[in-house]
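Look at the sequence and the model below before you read on. This report starts with the overall fold and ends with a loop residue.

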Amino acid sequence: MKVVVDREKCKAHGRCYTFAPDAFERGPKGKGVARHAHVSDDDADLLGAAETGFMMCPVGAISVDEE
Ligand code: SF4
């Protein structure tokens, strides 16, 4: 799975790295950064964290897509 944070859309709410710290971290100016741009389909824990961040972002800045 491909995990991308759109830096233009991100408003630095911090929900992704607060609720899913395994998949996201705090970047410059408080914006979210994906810790792993690519997550293996075999890594259920990390897939879950990426999807949690996706659901928690209030502005739709995170995309998680099949590769
Ligand atoms: S939750 Fe969304 S808006 Fe907030 S830091 Fe993460 S990507 Fe940015």
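A residue counts as buried if 20 or more other C-beta atoms lie within 10 Å of its own, as exposed if 12 or fewer do, and as partly exposed in between; the C-beta atoms are placed from the backbone. Buried residues make up 27% of the 67 residues in this protein. The model is predicted, so to speak of a local feature takes a pLDDT of at least 70 and side-chain atom pairs count only at pLDDT 80 or more, while totals for chains, interfaces and linings use all residues. Numbering starts from 1 along each chain, as its sequence is written.

**Overall fold**

The protein has 2 helices and 4 strands. Both are DSSP runs numbered from the N terminus: helices are H or I with at least four residues, strands are E with at least two. From the N terminus, the order is β-α-β-β-α-β. The C-alpha trace spans about 30 × 20 × 20 Å along its principal axes.

**Strands β1 and β4**

Strands pair if DSSP finds at least two bridges between them. Here, 4 bridges join β1 (residues 2-5) to β4 (residues 62-65). The two strands run antiparallel. Val3 stands opposite Val64 in β4. In β1, Val3 and Val5 form the covered face, and Lys2 and Val4 the uncovered one. In a regular strand, side chains alternate between the two faces of the sheet.

**The core**

A nonpolar core is a set of buried Ala, Val, Leu, Ile, Met, Phe, Trp, Tyr and Cys residues joined through C-beta atoms within 7 Å. The largest one has 15 residues. Cys16, Ala20, Ala23 and Phe24 have the most contacts inside it. β1, α1 and α2 each supply at least two residues of this core.

| Element | Residues |
|---|---|
| α1 | 15-19 |
| α2 | 44-56 |

Two residues are in contact if their C-beta atoms, placed from the backbone, lie within 7 Å. Leaving aside neighbours within four places in sequence, Cys16 is in contact with Phe24, Gly32, Gly53, Met56, Cys57 and Ile62.

**The ligand**

How many residues surround the ligand? There are 15, each with its C-beta atom, placed from the backbone, within 6 Å of the ligand. The closest are Cys10, His13, Cys16, Gly32 and Cys57.

**A loop residue**

Lys29 sits in the loop between β2 (24-26) and β3 (32-34). Is Lys29 buried or exposed? Lys29 is exposed, because 8 other C-beta atoms lie within 10 Å. Lys29 and Ala12 are 17 residues apart in sequence, and their C-alpha atoms are 7.2 Å apart in space.
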